[in-house]
Structure formats: structure tokens, C-alpha cells
Amino acid sequence: MPVTLPPPQYNHPPSILVIEHVLTAEEVDAICHARHALGWDGRAPPPRYRFSGCAHVTARSCEVWRIDDGAVRRHELGHCNGWPSNHPTAQELANRPATPYPRAVLPLSPEQAKTFEEASQRSIQRNGPPDVLLRQVLEKPKAPEPQ
Ligand SMILES: [Zn+2]
């Protein structure tokens, strides 16, 4: 896996205590697997994944196991500074919505709004007001668990 540098906001000396263990590639890989470090995509790595470094961050310190490589060092220190384990880029961090919304909200034209309102009224006449429907759903007894 390529070693990427963290985005600028994480690419600086950490302000917390850093404990670094510079080891051979085999030692780093064994320790990072044993510590259940996360792989490149931030998920549990497959057994054949090769670690060149990993970091364990707590509120007071950051412990790093890594090979003797400047880029790997800056990568892991980025994690010490809070860079998420799925390695978002500066662009991805900037584009991330503050609160994800489950679906797109599209503005309606006046004609669409009128059609929508009429359909809504017909639905209420057929089914009762929405809060009645909601109450029916909430009070519906739970279906038995599948065997
Ligand atoms: Zn990483």
C-alpha cells in the first residue's frame, strides 16, 4: 500500500506525548496485526495485509509502531493528531456534510406543490391524518422473530 501523508491540518508535530517504536518490517507487521490495527480503508485488515506502521491514540498519548521511514512517521503522527483511520483527504474532509441527510430534498414547482398537496389531502381522507397512521404503526404488535 502506498504511504500517503495526512492532510495539512493533521500533518504537524503532535501536541500530546508520542511514544515511538521503530522496528523491522516483520516486527511492525506482527505487532500491528496483534493490536488489531485497522487496514488502509479503516476496517479490519485481511491476514495478508502488510503494515508499515500503526498508532494507538489515547487522550494523553499516542503510541506508534513503525518502520524507519519518514513518510510512514508523518502518516502515523497524523493519526496521533486525530486523522481518521479511513484516511480522508483534505478535499474529502472539506466536502463532508456536517450532518448527513438521508435523501435529497428537492424544491417543488408551484404546480408540483399543488399536486402534492392534493394527493396528500386525498391520502388523509382515505387513511386519516398522519399522526393516526403513525400511532397505528407504533402500536402494531411486533412480528414474531424469524425461526
Ligand atoms: Zn494510517
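Analyst: Happy to. Let us begin with a definition: two strands pair if DSSP finds at least two bridges between them. In this predicted model, three strands form an open sheet in the order S1-S3-S2, with mixed pairing. From one strand to the next, the twist averages 15°.

User: What makes S1 and S2 the edge strands?

Analyst: Strand S1 (17–22) and strand S2 (53–57) each pair on one side only.

User: How do you know that S2 and S3 pair?

Analyst: Pairing needs at least two bridges, and S2 and strand S3 (residues 61–66) have five bridges, in the antiparallel sense.

User: Why is Trp83 called buried?

Analyst: The cut-off for buried is 20 or more other C-beta atoms within 10 Å. Trp83 has 22 within that distance, so Trp83 counts as buried. Trp83 sits in the loop between helix H2 (70–80) and helix H3 (90–95), and among the residues it touches are Pro6 and Tyr10. Pro6 is 77 residues away along the chain, with a C-alpha separation of 7.0 Å from Trp83.

User: How confident is the prediction, as mean pLDDT of the protein chain?

Analyst: The mean pLDDT is 81, and 72% of the residues reach 70 or more. Over residues 99–104, though, the pLDDT is below 50. Where pLDDT is low, the predicted coordinates should not be read in detail.

Note on methods:
Residues are numbered from 1 along each chain as its sequence is written. This is a predicted model: local features need pLDDT of at least 70, side-chain atom pairs count only at pLDDT 80 or more; totals for chains, interfaces and linings use all residues. pLDDT is the predictor's confidence in each residue, from 0 to 100. Two residues are in contact if their C-beta atoms, placed from the backbone, lie within 7 Å. Helices (H or I, at least four residues) and strands (E, at least two) are DSSP runs, numbered from the N terminus. A residue is buried if 20 or more other C-beta atoms lie within 10 Å of its own, exposed if 12 or fewer, and partly exposed in between; C-beta atoms are placed from the backbone. Axes are lines fitted to C-alpha atoms, for helices over the stretch in contact, and angles run from 0 to 180 degrees between N-to-C directions. Lists of a residue's contacts leave out its neighbours within four places in sequence.
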